[in-house]
Amino acid sequence: MSDAHAYPHEPTGVETRKLGFWIFLSTEILFFGTLITTFLIFKGRDFPGIKLTDVYDIPFTSVSSFVLLMSSLTMVLAHNALETDDQEKTRVWLLATAMLGAVFLAGQIYEFTEFYHKGFELSTNIFSSTFYVLTGFHGLHVFVGVVLLLALWGVGQRQRGLSLNEGMNLEFIALYWHFVDIVWIVLFTVVYLI
Amino acid sequence: MTKIIEPKKQRNIFSRPSSETGVWSWITTVDHKRIGIMYGYAAFFFLLVGGLEALLLRIQLSQPDNNFLSAAEYNAMFTMHGTTMIFLAIMPISAAFFNYLLPLQIGARDVAFPRLNALSFWIFVAGGLFLYSTFLFGTAGAPEGGYLDEEVSRLASAPNGGWFGYQPNAGLRYSPGTAMDYWAIGLQILGIASLVSAFNFITTILNMRTKGMRLMRMPVFTWMTFAVSFLLAFSLPIIAIALFFVTFDRQFGTTFFLTEGGGDPVLWQHLFWLFGHPEVYILILPAFGIVSEVLPTFSRKPLFGYPAIVFAGFGIAFIGFGVWAHHMFASAISPVAQAGFGLSTMIIAVPTGVKIFNWLGTIWGGKLTLNTPMLFALGFIGMFVIGGLSGVTHSVVPADTQQTDTYYIVAHFHYVLFGGALFGIFSGLYFWFPKVWGRMYNETMGKIHFWLMLIGFNVTFGPMHWLGLQGQVRRTWVYAEETNLGFWNLIVTIGAFILAVAILVFMANWIYSRRKGEKAPFDPWDARTIEWSIPSPTPVWNFSKAPEIKSLDDFWHQKYGEDEDGRAVRREGTDELLLKLEEEGLNPDEEIHLPSPSYFPLILAFGLPFLGYAVIYKSIPLALIGVILLLIGGFGWGTEPLEEEFETSEETPDAKESSTYE
Ligand code: HEM
Ligand SMILES: [Cu+2]
């Protein structure tokens, strides 16, 4: 940033925006932590009515989880492409990442509607409520991520393309995206597998 | 010669706001000082509103069997009073201090993310207005088995479930209508504001320190800001999720906290107090920071045990996460848990005691100047000790089950919050008044304010101790003649009006001194930290060049050396030094780039209340307005550079003029 030369800062050696972003991510852990804890507390209790195990389709969710995982890979590829200043490839991989994220979201919407039709609704019981709020909160994060990726892709259409050290930064969006992916791995394990 | 730097006026669709004076310059500002001042005024406004609510409560209680307020109105008033004082008055006033002082104390030109800072402020304003709009649009019906519908007036159309919104009382069945939704969503919005500012302050402290400002050379106020920011960052997410659950329960028929659907009301208590206890330290640590600056300055001695104060602050913050269930001794938690939490609560009193001894050690043998900030700091110590001691009595579980939900608890938390936090804040308001406005406050009026407040405070909250032990219960709008509680309740109400007068004196002093006060000398208090080494009022650029820090209390050591006996002696040439500093501070000799003002934080912030209304009224159009505002704000923000590209013109501005905010 242009004032950096006039004024000394960054005694930690970490770029300021990146540092701020890490702190933001560490609070995100608490958001999800609280939700997961609530989920686990209620999971052990008795509740009336239909259960997740009655409606879910593990193979389907595994595939959509795999899609989300792959999007982390394409995100890394986008980052690498930008490091070598290959604007063309960067854009392609960004778009691929956004698309994979969108596929995951579509899968989640499909899954939710399926569950709904089978009678597993938001207020069916305490388990279904925590399930929807927890996975929905994650879905919202994916949605925000997709919007950010598309916005970045849009910015990349400009004449001078993207760069690694400007306002809307690919690096932060990548960090965010990986974070959201990792959270999904935890959620998939906690909610579907155990 | 100074180079004046002007942003290019026109850039794609929106032209960037560029005025430097007038209302728009304030609305679009990203300058931490202006944001701090706005935080201060907005919070003070809410302090007055919360105070009025308290007076209504006290009028109702001044006599037995009174019917000045209906039960419904009383419930609304105490809920709004508590919520306002905590979230809309004390927290934002602390934020005002953080904003104004933090960059100055670490020698920075601004916070790490100036626009994000403006965003926090506007979200706070949006959240406060949203919460208070309940008096216009909200409804509060009669609860099942409670008072009657016709008792619910406009004044009662506000949240009424207490500031801690216990479930299931705050659920739909016992709090019908929309008022409690305004509460849950309003707090959600306010939480975002604090969370964003927490990221900002943590990053600022870590990364914006000037040369030589090592962590262990930072002023204690900066340290406490750091601790509070961590507390905010790690406790707000918990309450945010819990408030989500409440909103889902009330709006979408879930039962997270309602037993009838398998949910758990005690889970709400756990989540609330997991946030709530750290929250009380969020309220008090800024005051700790303030008095740790004021006491050494007016004792003319360094702070006794600086590292101990710093570590005790973090100790409190850390243990503060492990004591939450002491608010739940009367609920269904196991005896083992009760013993454990009782113990951890006693332990937290230890670092608190360390601080008190440090402050006493600081004034011990010092040359005390008993002016207004110092009086408030001393008053703070006295009142806080009383509140801390009654706090320890609550940590004894069998005793607490007698005290809980009585006026004894009300006495406790007012001694720590009013006698503690607010006295500390007043101390700071007087202490930094010359820095902010370049004028001195009126000392006589300041002292009248202090004594009225000290007396009024103790007359108000002292008797509550025995009223509580006699069994007067909290949050109840009448008591019977036969209980014999009338006399002391009347005294308490009189005390509350003395406090109101004290606040009026404060306001008169402020308004008068802002305009007509004597011009402040360069370093009015012969102070210790570097914010006093620049002119008052602070120039827009803060430091004309980055200061280099060589020790703790750097400014003091520039002025004073030691003789053989370790006594402070003013160095020769100090007067010249001060003149030189003033001269340099007003006339920077390099180009100064400041972040440009921006509309987008404001636009983004005001999208949130619309989303809130959309949830309450299940309205798609409102949701769309909210989303569109968020998108405009977010997109505009993302594409506008922090600083406009500059054209440099070779003019000499009148630096003195551009550095004031008239
Ligand atoms: C020595 C330190 C302290 C101890 C041991 C302590 C202990 C306690 C305990 C055990 C309670 C629960 C009583 C009950 O509800 O039955 C309580 C309530 C409370 N304390 Fe403290 N406290 C301390 C300091 C503080 C400070 C510094 C603040 C705020 C600045 C504070 C604010 C409150 C508030 C607001 C409540 C009441 C919450 C409510 O029920 O609405 N306390 N305290
Ligand atoms: Cu507590």
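Colleague: Where does His412(B) lie?
Modeller: His412(B) sits in residues 407-431 of chain B, helix α13. Helices here are DSSP runs of H or I with at least four residues, strands are runs of E with at least two, and both are numbered from the N terminus. This is a predicted model, where local features need pLDDT of at least 70, side-chain atom pairs count only at pLDDT 80 or more, and totals for chains, interfaces and linings use all residues; residues are numbered from 1 along each chain as its sequence is written, chains are lettered from A and ligands numbered from 1 in the order in which they are written. Side-chain values use heavy atoms, leaving out hydrogens and water, and with that said, the place you asked about is helix α13 of chain B.

Colleague: Which residue is the single protein donor of the iron atom of ligand 1?
Modeller: Donors are N, O and S atoms within 2.8 Å of the metal (3.2 Å for Na, K and Ca), and sites may look incomplete because water is not among the atoms. The iron atom of ligand 1 has a single one from the protein, an NE2 atom 2.1 Å away, and that atom belongs to His412(B).

Colleague: How far is the copper ion (ligand 2) from that iron atom of ligand 1?
Modeller: Let's look at the copper first: its protein donors lie 1.8 to 2.1 Å from it and are ND1 of His277(B) and NE2 of both His326(B) and His327(B). Along the chain, these donors follow the spacing H-x48-H-H. From the copper ion (ligand 2) to the iron atom of ligand 1, the separation is 4.6 Å.

Colleague: How many residues apart in the chain are His277(B) and His327(B)?
Modeller: Both are among the protein donors of the copper ion (ligand 2). The pair links distant parts of chain B: His277(B) is in helix α8 (residues 265-299), while His327(B) is in the loop between α9 (306-319) and α10 (335-363), a spacing of 50 residues.

Colleague: Is His277(B) buried or exposed?
Modeller: We call a residue buried under 20% relative accessible area, exposed over 50% and partly exposed in between, using a 1.4 Å probe and protein chains only. His327(B) comes out at 28%, which makes it partly exposed. His277(B) has a relative accessible area of 5%, so it counts as buried.

Colleague: What does the side chain of Thr345(B) reach at 2.6 Å?
Modeller: Thr345(B) lies in helix α10 of chain B, and with a relative accessible area of 9% it is buried. Leaving aside neighbours within four places in sequence, Thr345(B) is in contact (heavy atoms within 4.5 Å) with Val323(B), Ser395(B) and His326(B). At 2.6 Å, its side chain reaches the backbone oxygen of Phe341(B).

Colleague: How much area do chain B and chain A bury between them?
Modeller: Buried area is the accessible area (1.4 Å probe) that two parts lose on being put together, summed over both. Here 43 residues of chain B are in contact with 37 of chain A. With 75% of it on carbon and sulfur atoms, the buried area is about 3,300 Å².

Colleague: Which helix gives the most to the side of chain B that touches chain A?
Modeller: Between the two chains there is one salt bridge (a side-chain nitrogen of Lys or Arg within 4 Å of a carboxyl oxygen of Asp or Glu), and it joins Arg45(A) and Asp264(B) at 3.0 Å, N to O. On chain B's side, α6 (179-207), α7 (220-252) and α8 each supply at least two residues. The one that gives the most, with 10 residues, is α7(B).

Colleague: Is Asp553(B) buried or exposed?
Modeller: Phi of Asp553(B) is near 55°, a positive value in a residue other than glycine. Asn484(B) also has a positive phi, about 60°, and at 65% relative accessibility Asn484(B) is exposed. Asp553(B) is at 14%, so it counts as buried.

Notes: A polar contact is a pair of N or O atoms within 3.5 Å; within protein, one must be able to donate a hydrogen and the other to accept it, and residues adjacent in sequence count only if both atoms are side-chain atoms.
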